[in-house]
Amino acid sequence: MKNNNWKGWLYLIPAILFLGIFMVYPLIDVFVYSFEEGYNSASQTFFGVGLYNYRYVLRDPYFLQALKNTFILVIITVPISTGLALLISVGLSSIKPLKELFQTIYFLPYVTNTLAVGLVFMILFNKTAYTDGMINLVIKWFGGQAVDFIHGPYWAKMFVLCFYTIWVVLPFKILILTSALASVNPQFYSAARVDGTSKGRIFWKITVPMISPMLFYLIITGFIGAFKVYSDAVAIFGTDLNQAGMNTIVGFIYDMLYGDSGGYPSYASAAAIILFAVVLTITCINLLVSKKHVYYE
Amino acid sequence: MEVFLQDLTKKFPSRNRRVREDKIAVNHFTLKIPNGKLIGLLGPSGCGKSTALNMICGLEKPTEGRIFFNGEDITDLPPEHRGVGMVFQNYALYPHLTVEENIRFPLENLKGKDRLSKQEMHERVMAAAKLVQIEELMERKPSQMSGGQQQRVAIARALVKTPNVLLLDEPLSNLDARLRLQTREEIRRIQRETQVTTIFVTHDQEEAMSISDMIVVMKDGVLHQTGRPQEVYDDPVNLFVAQFLGTPPINTFSGSVRNGHLWIGEDDVMIISGVPDQEVHVGIRPEGFILQEDGPLCCDLIRVEVMGRDTSVVSNHPAAVSLTIRSIISSETQVDTTNPKVRFALKPAKTLLFSKETEERIRFEVK
Ligand SMILES: Nc1ncnc2c1ncn2[C@@H]1O[C@H](COP(=O)(O)OP(=O)(O)OP(=O)(O)O)[C@@H](O)[C@H]1O
Ligand SMILES: [Mg+2]
C-alpha cells in the first residue's frame, strides 16, 4: 500500500491544482482583503490592517437591511418549502393514476429559467397604470384592497420574494423526497398496518425517520441556498435592490464590488466573511441537531 | 383460535396489456386450522403462500371467499382488529428503533380501553423478550444483530400483543443451515409455550415436516393435500405432492400395469390387483429398495456413497424419469461394486403409482 501512495497523490494533482487556484486561493484572498483597510484594486495599495471594514459594514444601514431581509427569507422559506415538498411528495407517492404526469408538472419549474419565472411573477403581482396584476384581481374579487407587491409595503414585497424562493426550490426538494419515499421498503408499512398503527403515527414514526437523511440534506442545503439568494430578488425587484429595500447579503456584496456605489472590495470581503461565519454557525447547529434525530442506515 | 378459510380466491389484475387474463394467486382454497396447532404451509416459490397469509392477516382483500376466526366472519375486518401477529419474510424490523422500541411499537398503538400504562408496556415487552430469549439485547439496533437474533425480535414483536393467530412468512429463509435448524426448534418451543395457532410458511419441505402438527401442500394457488407430515409423506394424493416431500426426493419411473403385473421398463417388478391396465408413473421412495441378488428391478450401478448409518446406492435405469436413482439401504448390507448391475426388490408400501394423464394417485393391493 505505502509504495503506491505517491500514485494516489499523482492522480489527485489536477483536482488539487484546480481547487487550489479557483477555490482556496480566492478564499484566502477574501479573508486577507477583509482586514486591509482602504484597499484599492487598481493601485493594489492599502492604508493599514485592522477590523475597520467589519465595523463599517456592520454599521452600514444597507447591510443591516440586507441582513434582516436574508434572515427573514431563510426563516420563512426553509421550513415552508421543506414541509410543503414533503407534503406534496407523500401525496405523489400515494396516488397511482397520472403519477408521472404530476411528477413532471412539479418538476417543470426546476428546468425553467429563473428570469422567465421572474417575469411570470411580475405578471402575477405587478401593479401598473394599466392593470393591477392577476393576484390583485383575485384579491379584489374577494372584496379586498389592491396591494402593490413590487413597489408597495415591505411585507408585500417580502411575501413575493418568499413566495418566489419557495416556488423555485420546491421542485428539487420534491424530486429528492419522492425518490427517498420510494426507497422505503413497503414491508415496513405492511408491518405497521398489521399492528394497527394510525396514519399519522406511520408518517411520524416510520416514514420521517426513514427519509430523515434526505430531509436533513435538504434542510442544510436549503439554509445555505437561502442565505445566498440574490438572483431571485433581482428577477422581481430589478437591480437596484437597496432602493427597493429588498437587498440580500449576497446582493450587498455584489453592490459593494460592482454596483453604482461599488468599488469597495474590502467592504465586500468583510461582508462575505460575515456571511460565511453565519452560514458556518447555522450548519454546525444543524449538524449537532441532526446527530440526535437523523437515522443513517 | 380456529381459523377457517372458505373457498378463498385472490386474483391480481394483469399489468401486462397483452395478457388479458388475471393472475390467480390463490385458487378456491378451503382449509380448516384447529385451535392451538402449528401448520406448515408448503409449496414452491410463487405458488401463493404469501398471498394466502396476507389475506388471513388482512393486508390483501380476497377476491372471493370468506375467512372465519372461531366461526366469526372477519373477511372485511381491517388487520388491526383481527388479532393477528405477523413475522415477515425479511423481518421488517424498524431499523431506526432499538429492539425494545420495536417490540413496544404494537403496544403503543393500542387506544381506548386497551391502552396500557408505561409500566404495563414494559412488563409485556420484557415478557415477550424473555420468551424468545433476547433480554440482553434490548438496547441494540436491528443492524447490530445476527439474522437469528433479528428473527427472534420479529417474533417477540408479533407476540407482544398476545395475538390469536401467529403468521410466519418464510421466517428462516435468510438464515444459514445451522441457525435454521436451531431457530425452527425455537419456534416450535415458543409455539408450544404460548399455544397460539400458528401458520408457518415455507418452501422447504424438511422444515415444514419437522415442526408442523399439520402440513398443507399447495401449488399454483391450489391446495393439494393436508394432513400430518408423516401421513402426507406416506400417502400423497398425486405425483406433485410425492415429489415435493422427502429428501432425497422420490425416484420416478415410467411404467405400466398389464394383467395385474407392474412393469418398469422390461422389468416385471410386482404383482398387484385392483388396477386396470394402463400406463403409469411409478414413484419409489429411496428407502423402498431392498438389495436382493435376484430382485426384479435391474439397474446400472453408478456409485455407492457410504454416509455413516446409511449407504446410498446411486444407479440408473432405462425407464427412470429422474436423472439418477438414489436408494438408501442399511450400511450393514454389502454392495458388490465390481458388478455393473445391481438388483432390487421393492417395498410395496413405498411404491406409489400415479396416473399418466392426471398424475393422480392410483391405489393398489398387493397379492
Ligand atoms: N401485487 C401483486 N400483483 C400481481 N401479482 C402478484 C402480486 N402479488 C403476488 N402476485 C403473484 O401471485 C403469485 C403468488 O405470489 P406469492 O407472493 O403469494 O408467492 P409465494 O408462494 O409467497 O412465493 P415465495 O415462496 O417466492 O415467497 C405469484 O405468481 C406472483 O407473481
Ligand atoms: Mg412469499
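Predicted model: local features only at pLDDT ≥ 70, side-chain atom pairs only at ≥ 80, totals over all residues.
Residues are numbered from 1 along each chain as its sequence is written, chains are lettered from A and ligands numbered from 1 in the order in which they are written, and side-chain values use heavy atoms, with hydrogens and water left out.

## Exercise 1

Describe the side of chain B that touches chain A, and the salt bridges across the interface.

Step 1. Elements that give two or more residues to this side are β6 (84-87) and α2 (99-108) of chain B (helices, H or I, of at least four residues and strands, E, of at least two are DSSP runs, numbered from the N terminus). The most comes from α2(B), with three residues.

Step 2. By class, this side holds 12 nonpolar, five polar and five charged residues (Ala, Val, Leu, Ile, Met, Phe, Trp, Tyr, Cys and Pro count as nonpolar, Asp, Glu, Lys and Arg as charged, and the others, Gly among them, as polar).

Step 3. The contact involves 22 residues from chain B and 17 residues from chain A (contact means heavy atoms within 4.5 Å). About 1,800 Å² is buried between the two chains, and carbon and sulfur atoms give 61% of that area (buried area is the accessible area, 1.4 Å probe, that two parts lose on being put together, summed over both).

Step 4. The interface has two salt bridges (a side-chain nitrogen of Lys or Arg within 4 Å of a carboxyl oxygen of Asp or Glu). Lys161(B) and Asp195(A) form a salt bridge, 3.4 Å from N to O.

## Exercise 2

Is α2(B) largely enclosed or open, and what covers its buried residues?

Step 1. Helix α2(B) is largely enclosed by the rest of the structure, because seven of its 10 residues are buried (buried means under 20% relative accessible area, exposed over 50%, partly exposed in between; 1.4 Å probe, protein chains only).

Step 2. The buried residues are Val99(B), Glu100(B), Asn102(B), Ile103(B), Phe105(B), Pro106(B) and Leu107(B).

Step 3. Their cover includes α9 (199-210) of chain A, along with α3 (118-131) and α4 (147-159) of chain B.

## Exercise 3

Which parts of chain B do the salt bridges Glu186(B)–Arg152(B) and Asp235(B)–Arg363(B) tie together?

Step 1. In the pair of Glu186(B) and Arg152(B), the closest N and O atoms are 3.5 Å apart. Glu186(B) is in helix α5 (residues 177-194) and Arg152(B) in helix α4, so the pair ties together parts 34 residues apart in sequence. Both Glu186(B) and Arg152(B) are buried.

Step 2. Asp235(B) and Arg363(B) meet at 2.6 Å, N to O. Asp235(B) lies in the loop between α7 (229-234) and α8, Arg363(B) in the loop between β21 and β22 (365-366), so parts 128 residues apart in sequence are tied together. Asp235(B) is partly exposed at 31% relative accessibility, and Arg363(B) is partly exposed at 48%.

Step 3. Salt bridges that share partners also join Arg201(A), Glu100(B), Arg104(B) and Glu108(B) into one network.

## Exercise 4

How many residues surround ligand 1, and which polar atoms lie at its oxygen atoms?

Step 1. Ligand 1 is surrounded by 14 residues, the closest being Ser45(B), Gly46(B), Ser50(B), Thr51(B) and Glu170(B) (a residue counts if one of its heavy atoms lies within 4 Å of the molecule).

Step 2. An N or O atom in the side chain of Ser50(B) is 2.5 Å from an oxygen atom of ligand 1. A polar backbone atom of Gly48(B) is 3.0 Å from an oxygen atom of the ligand, and a polar side-chain atom of Lys23(B) is 3.3 Å from one.

## Exercise 5

Where in chain B are Asn70(B) and Pro248(B), and what marks their backbone?

Step 1. Asn70(B) sits in the loop between β4 (64-69) and β5 (72-73). Its phi is near 50°, a positive value in a residue other than glycine. Asn70(B) is exposed, with a relative accessible area of 53%.

Step 2. Pro248(B) is in the loop between α8 (239-244) and β11 (251-258). A cis peptide bond joins Thr247(B) to Pro248(B), with omega about -10°.

How values were computed
Polar contact = N/O pair within 3.5 Å; in protein donor to acceptor, adjacent residues only side chain to side chain.
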